[in-house]
Amino acid sequence: MRWNLTGSEPVYQQIADHFRRAILSGEFEAGHRIPSVRELATQACVNPNTMQRALTELERERLLVSHGTMGRFVTGDHTVLDQLRQQAIRRTVQQCSELLAQVGLTLEEAAKLLKNDEV
């Protein structure tokens with residue numbers, strides 16, 4: 001797992017975002033066992049408390065499920081996974097819309113570009 005923890009967001013949020021992307025991309029499928037907090041903290045070069053905070057946030061969102069001494073697993077609840085996908089899509093569309101407005105491109109022009117047509 002590659003960690004790129006830079007920027008203005010708190011590190012625990014960057015870690016949580018990393019896991020969300022891994023789940024969305026299929027790198028971590030439903031039921032996938034997540035390594036221990038200590039192992040992940042060592043890999044990411046962060047304090048175990050920081051990693052714990054990120055994983056706790058993901059549990060609160062129900063993306064990860066704790067099974068006691070067996071560890072944490074990616075949820076098998078497809079409703080939760082579908083909600084995550086929809087949130088990511090809405091966020092991406094919003095960001096794209098803002099960027100298009102900044103460069104003066106209409107939605108129709110952007111659609112043509114996406115279809116590889118000329119504007």
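How many disulfides does the structure hold?

Author: In this predicted model, the number of disulfides is zero. A disulfide is a covalent bond between the sulfur atoms of two cysteines. Two cysteines may be described by their surroundings. Cys45 has a relative accessibility of 70% and therefore counts as exposed, the cut-off being over 50%. Cys96, at 40% relative accessibility, lies between the limits of 20% and 50% and so counts as partly exposed.

The largest nonpolar core comprises 24 residues, of which Phe19, Met51 and Leu55 touch the most other members. Two or more residues are supplied to this core by each of helix 1 (11-25), helix 2 (37-44), helix 3 (48-60) and helix 4 (78-102). The greatest contribution, six residues, comes from helix 1. In soluble globular proteins, nonpolar side chains tend to be buried together. Phe19 has contacts with Met51 and Leu55, and also with Trp3, Phe28, Ile34, Leu40 and Leu58, when neighbours within four places in sequence are left aside.

Thr75 sits in the loop between strand 3 (72-74) and helix 4. Because its relative accessible area is 6%, which is under 20%, Thr75 is classed as buried. Its side chain reaches the backbone nitrogen of Asp77 at 3.0 Å. Apart from residues up to four places away in sequence, Thr75 touches Ala30, Gly31, Arg62, Leu63, Leu64, Val65, Val80 and Leu81.

Key
Residues numbered from 1 in each chain as written. Predicted model: local features only at pLDDT ≥ 70, side-chain atom pairs only at ≥ 80, totals over all residues. Heavy atoms only, no water. Core = buried A, V, L, I, M, F, W, Y, C linked by side-chain atoms within 4.5 Å. Buried < 20%, exposed > 50% of the residue type's maximum accessible area, 1.4 Å probe, protein only. Helix = DSSP H or I, 4+ residues; strand = E, 2+ residues; numbered from the N terminus. Contact = heavy atoms within 4.5 Å. Polar contact = N/O pair within 3.5 Å; in protein donor to acceptor, adjacent residues only side chain to side chain. Disulfide = S-S within 2.5 Å.
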